[in-house]
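Please have a look at it first.

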Number of protein chains: 4
Amino acid sequence: MKRFTGLVAAPFTPFRQDGRVDAGRIERLAASLTLNKVTGAFVCGTTGEGVSMTVAERMKVAERWQACASSKLRVIVHVGHTSLGDCRALAAHAQKIGAAAVGCMAPFCFKPKKAEDLTAFLAEVAAAAPELPFYYYHIPCVTGVTIPAADFLQAAADKIPNLAGVKFTDENLMDYAACVRFEGGRFDVVFGRDEILLAGLALGAQGAIGSTYNYAAPIYHRAIAAFKRGDLAAAQEAQGKANAMIGVLLRFGGSPAVGKAFMRLVGLDCGTARLPLRPLGEAQAEALRAEAEALGFFDFASKV
Amino acid sequence: MKRFTGLVAAPFTPFRQDGRVDAGRIERLAASLTLNKVTGAFVCGTTGEGVSMTVAERMKVAERWQACASSKLRVIVHVGHTSLGDCRALAAHAQKIGAAAVGCMAPFCFKPKKAEDLTAFLAEVAAAAPELPFYYYHIPCVTGVTIPAADFLQAAADKIPNLAGVKFTDENLMDYAACVRFEGGRFDVVFGRDEILLAGLALGAQGAIGSTYNYAAPIYHRAIAAFKRGDLAAAQEAQGKANAMIGVLLRFGGSPAVGKAFMRLVGLDCGTARLPLRPLGEAQAEALRAEAEALGFFDFASKV
Amino acid sequence: MKRFTGLVAAPFTPFRQDGRVDAGRIERLAASLTLNKVTGAFVCGTTGEGVSMTVAERMKVAERWQACASSKLRVIVHVGHTSLGDCRALAAHAQKIGAAAVGCMAPFCFKPKKAEDLTAFLAEVAAAAPELPFYYYHIPCVTGVTIPAADFLQAAADKIPNLAGVKFTDENLMDYAACVRFEGGRFDVVFGRDEILLAGLALGAQGAIGSTYNYAAPIYHRAIAAFKRGDLAAAQEAQGKANAMIGVLLRFGGSPAVGKAFMRLVGLDCGTARLPLRPLGEAQAEALRAEAEALGFFDFASKV
Amino acid sequence: MKRFTGLVAAPFTPFRQDGRVDAGRIERLAASLTLNKVTGAFVCGTTGEGVSMTVAERMKVAERWQACASSKLRVIVHVGHTSLGDCRALAAHAQKIGAAAVGCMAPFCFKPKKAEDLTAFLAEVAAAAPELPFYYYHIPCVTGVTIPAADFLQAAADKIPNLAGVKFTDENLMDYAACVRFEGGRFDVVFGRDEILLAGLALGAQGAIGSTYNYAAPIYHRAIAAFKRGDLAAAQEAQGKANAMIGVLLRFGGSPAVGKAFMRLVGLDCGTARLPLRPLGEAQAEALRAEAEALGFFDFASKV
């Protein structure tokens with residue numbers, strides 16, 4: 001299986017003002033990703049408000065994204081849910097439509113406390129799409145499941161035949177390094193913290209999945225290139241610019257609703273956000289634009 | 001609207017060994033509740049593993065319970081989910097089948113931080129079953145939504161026309177008391193912590209919803225009766241016995257899977273639990289029986 | 001040993017504007033406590049900013065309080081610290097000056113995870129004042145030590161000869177009830193949550209230690225009396241008034257610095273608070289007075 | 001002021017079996033640090049069990065370390081405490097004995113919530129040693145003070161004249177990067193997470209303070225050298241070896257008591273640990289030695 005390298009975006013899901021999925025906007029999002037050398041799309045995840053959609057809606061969104069897939073833009077379908085039945089239906093559907101991979105977060109209502117229980121759940125999900133590589137989406141700040149990802153790999157490595165790796169979205173970088181080095185690098189451990197991408201690179205990351213790669217890919221490309229040629233100062237300079245932008249994102253709340261305001265700045269309108277999220281009001285959106293502009297956002301924003 | 005008084009059980013959902021819903025067992029569960037003077041059933045909640053079922057399964061379970069409803073056993077259908085669309089479909093269905101009320105927890109993936117956002121979400125849910133009383137299911141230890149319930153009442157009282165009350169499952173009893181006393185007792189604030197029922201009574205609880213009322217209702221009836229006649233020592237004695245039992249429940253993990261092992265002890269087999277929960281193994285179940293027996297469980301267990 | 005019954009205050013420590021201890025003010029505080037039928041003083045605890053003082057200062061404050069002690073006002077000296085040597089020095093001093101009892105919180109920098117480790121530490125403290133009853137001050141929200149108090153009692157009951165009880169300041173009332181009922185009521189488990197005193201009474205509390213008993217004892221006496229005569233509505237009414245006041249306290253930050261603003265309202269000036277606490281500014285103090293007045297504080301405030 | 005570069009150890013404090021400080025052992029510890037090219041000693045911090053000592057003991061330990069200081073081993077005295085008076089006394093003493101710098105953690109009982117309050121406290125501490133560079137010791141996992149260090153710098157930069165930097169011990173590396181880049185690198189932001197040193201280097205760390213540099217400095221020197229010459233694979237290999245060792249440390253509890261067991265392995269006996277910590281028993285110590293040996297610890301342990 002080909003690993004995910006470079007930048008992979010976790011796309012936003014466009015919603016109309018009446019709340020319905022606005023799938024017609026997906027094609028333009030996909031084109032922008034390819035234009036900005038983003039190599040994959042992790043759809044229906046947290047950024048994509050996957051859990052705020054019904055199963056039918058999630059399938060529809062996945063289909064549209066897969067219809068835009070290419071050798072330059074591979075699609076990972078996130079199928080995480082609290083109901084195993086729904087996860088399996090979504091995984092089987094992802095395989096049917098020819099997605100590149102399946103991702104799944106830990107069940108987040110009844111929270112597994114042991115790696116064996118997490119493995120038992122995810123094994124059932126992975127088995128519903130046996131021909132696709134399976135990624136565990138490790139994001140404790142959302143799921144509340146704090147089992148170290150390396151402990152999961154230990155428990156799951158020989159229990160989930162199509163286990164391919166982890167989307168690692170956590171601050172515990174000792175755990176990240178342990179995943180990367182697990183059995184000599186057996187798994188594809190994609191880095192999921194845009195704001196410390198440089199730290200991930202130092203610890204061995206080859207690919208990264210994040211939400212800000214939707215609208216600010218160029219600054220991260222700059223950071224990666226500088227890091228690879230050994231110019232740490234330039235890499236830190238680029239990461240610093242990205243982090244100033246992320247600082248704005250967080251000050252406004254940090255949710256996908258705020259991310260959609262950034263998307264609008266680059267000309268990619270994704271409509272509203274779904275409850276319980278609330279879209280930014282006009283005054284807020286204007287304030288965000290002003291802050292973004294002040295820190296030079298338009299110099300490194302994604303092209304459309 | 002008639003308030004919920006006395007004990008209301010949050011029933012377990014029976015599952016076959018192959019994982020399918022075993023709805024045929026529900027009638028016997030309902031009969032036992034009535035026999036033990038339990039006045040209501042809060043179905044498809046956390047104890048009922050609601051979030052581990054598909055929408056279709058939840059509707060099927062709700063229908064079977066409603067078919068067993070009577071003036072002595074009113075059914076509240078829990079419709080909580082992360083997807084508003086699914087919540088609304090479940091709420092509309094609950095109204096259609098003639099349930100007594102609808103309950104809904106906070107969305108638990110994107111966690112509202114402000115009472116206004118929580119209200120906005122729940123208002124949409126409540127509006128899908130406008131003829132039914134609506135209860136907010138406050139359970140921060142599961143949802144991670146820590147907005148005080150009294151703050152929610154403040155925000156929602158005039159925004160949700162059919163708001164009837166709260167199922168309050170939290171340790172913050174200052175908040176509980178504030179809910180009870182809100183606008184002179186305007187709302188029905190049902191107490192959701194079996195292990196400190198006496199504390200709830202002291203602060204004004206008239207009704208209580210819990211999982212252990214499925215299999216140990218008599219000991220709580222004894223506690224309530226003693227409290228009402230002013231015999232605190234006897235009330236504490238009864239609560240103490242219940243808590244010894246709850247201590248066993250917690251030592252074995254505390255999940256609905258452990259509750260189902262208690263159900264088996266009283267002769268009400270609810271089958272297996274769904275992943276990510278795991279049923280107790282035989283040795284564990286036997287150990288649980290021994291501990292339960294040693295503390296006198298069979299002297300105060302529910303009748304069948 | 002005579003148990004602590006009724007209300008026990010955790011007094012504030014008066015500081016001059018230059019930050020020095022203003023021990024001369026203690027006598028007046030003690031007189032007000034006695035006047036308001038408060039039966040004890042738990043000095044140099046969290047309310048008393050004990051950990052913000054040097055060992056020498058804590059001894060001086062304890063001495064002044066003990067000089068005001070009587071059969072109607074017994075003094076418990078809190079000796080908690082991160083350094084065992086300092087705890088022991090303070091405990092020995094408390095015994096030397098004739099205090100009624102010693103209290104000690106868990107060490108709060110290196111936080112014990114096992115009841116045995118907590119017991120080992122506290123046993124050394126208790127042994128430094130072998131002739132005094134020893135109370136474990138259980139306050140996880142401050143210490144971060146979350147070992148259930150009942151587990152501590154189990155581990156310590158036969159290891160600390162002078163163990164007399166627990167000052168229980170936590171929301172886990174299942175744990176509180178377990179402590180009260182431990183070995184048939186062997187220990188004196190004083191209730192430490194003013195805002196849910198009624199809940200404590202229902203679970204068997206005979207005494208209560210708190211900070212708001214310094215300035216609002218009458219309303220709690222009213223609640224206790226009503227509860228004892230079986231008039232729950234009146235008891236809840238009184239608790240409700242107290243909680244409105246506590247609501248103000250919390251909205252202004254909840255620290256001893258805010259408590260001192262309440263003290264000033266009843267005419268008991270305790271001076272400033274020590275860093276890292278900051279005294280309320282004049283405008284804030286005025287706003288607090290207005291809110292307190294609006295909820296009827298002066299109708300139930302302590303007398304001086 | 002000369003910044004701290006390379007490795008700085010946070011030394012253990014030797015205690016006799018009877019619990020007294022065993023200052024005579026300090027000289028040998030200092031010699032080992034210099035031999036292993038460790039450039040500084042951060043004494044009486046968490047590793048040094050500073051808060052478990054009395055003020056007099058802390059001064060004695062600081063004096064002994066300062067007596068071993070040289071141009072190759074600069075001593076930073078940690079003066080953190082909950083009592084400002086004690087902090088100031090310790091800071092003044094550090095200046096008097098000629099230490100290179102003062103460090104202070106946030107007060108950890110009353111926990112400041114705003115950067116201004118933290119600044120107000122630390123400004124008073126820093127003012128007691130006005131001729132020494134002052135470092136804020138940011139370690140939220142111990143203090144519970146979660147104010148981002150960059151927010152502290154923003155508040156304190158112009159309020160604390162001798163503010164020199166931060167000892168940064170946290171997982172929030174976005175905050176770390178912000179501190180490093182604050183006003184173009186105005187402050188010395190020393191990295192405090194041994195297990196992710198590579199991540200720190202990528203984000204601009206020039207120096208690092210940690211506990212495992214006491215007994216395993218060579219493997220970190222190897223990691224740093226490899227990183228500097230651009231050999232990431234070798235750097236990750238060295239970090240991986242270090243992390244295998246840290247994994248053992250954590251599995252045995254992670255406290256300074258376990259660290260002292262590692263010290264014994266390299267021939268540097270630091271005696272017992274103080275309550276509430278407990279020294280490893282003989283069987284545990286033997287098990288630790290076996291695990292350490294199995295992962296190659298003796299190939300990269302510090303020399304004596």
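How many salt bridges does the rule find across the interface of chain A and chain B? The rule finds 2. Keep in mind that this is a predicted model.

## Where chain A meets chain B

One of the links you can look for joins Arg278(A) to Asp117(B): this is a salt bridge, and its closest N and O atoms are 2.8 Å apart. Around it, 29 residues from chain A and 29 residues from chain B take part in the contact. The size of an interface is often given as the accessible area lost when the parts come together. Between chain A and chain B, about 2500 Å² is buried, and carbon and sulfur atoms give 68% of that area. On the side of chain A, Phe110(A), Leu275(A) and Pro276(A) supply 28% of the area buried against chain B, more than any other three residues.

Two copies of a chain are related by a rotation about an axis and a shift along it. Chain A is superposed on chain B by a rotation of 180° with 0.0 Å of shift along the axis, and the RMSD is 0.0 Å. The same surface serves both copies, as 100% of the contact residues of chain A recur in chain B.

## Where chain D meets chain A

Now turn to another interface. Here 22 residues of chain D are in contact with 22 residues of chain A. The buried area between these chains is about 1800 Å², with 71% given by carbon and sulfur atoms. Met174(D), Arg181(D) and Ala202(D) supply 33% of the area that chain D buries against chain A, more than any other three residues. Between chain D and chain A there are 2 salt bridges.

How is chain D superposed on chain A? A rotation of 180° with 0.0 Å of shift along its axis does it, with an RMSD of 0.0 Å. The two copies are therefore related as by a two-fold rotation axis. In chain D, the C-alpha nearest this axis belongs to Ala199(D), 2.1 Å from it.

Chain A and chain C do not touch, and their nearest C-alpha atoms are 18 Å apart. Likewise, no contact joins chain B and chain D, whose closest C-alpha atoms lie 19 Å apart.

## Two helices inside chain D

Two packed helices are described by the angle between their axes and the distance between the axes. In chain D, take helix α4 (residues 115–127) and helix α6 (residues 149–156): their axes come within 9 Å and cross at roughly 65°. The crossing of α4(D) and α6(D) is right-handed.

Which residues meet there? From α4(D) come Ala115(D), Glu116(D), Leu118(D), Thr119(D) and Leu122(D), while α6(D) brings Asp151(D), Phe152(D), Ala155(D) and Ala156(D). By class, this contact has 6 nonpolar, 1 polar and 2 charged residues.

## Backbone details

Let's finish with the backbone. Leu275(A) and Pro276(A) are joined by a cis peptide bond, with omega about 10°. Pro276(A) is found in the loop between α11 (256–265) and α12 (282–294) of chain A. In chain B, the peptide bond from Leu275(B) to Pro276(B) is cis, with omega near 10°.

Glu183(A) is not a glycine, yet its phi is positive, near 45°. This residue lies in the loop between α7 (173–181) and β7 (188–191) of chain A.

Methods: Residues numbered from 1 in each chain as written. Chains lettered and ligands numbered in written order. Predicted model: local features only at pLDDT ≥ 70, side-chain atom pairs only at ≥ 80, totals over all residues. Heavy atoms only, no water. Axes fitted to C-alpha atoms, helices over the stretch in contact; angles between N-to-C directions. Helix = DSSP H or I, 4+ residues; strand = E, 2+ residues; numbered from the N terminus. Left-handed = near helix turned anticlockwise from the far one by under 90°. Contact = heavy atoms within 4.5 Å. Nonpolar A, V, L, I, M, F, W, Y, C, P; charged D, E, K, R; others polar. Least-squares fit on C-alpha atoms with pLDDT ≥ 70 in both. Buried area = accessible area lost by both parts, 1.4 Å probe. Salt bridge = Lys/Arg side-chain N within 4 Å of Asp/Glu carboxyl O.
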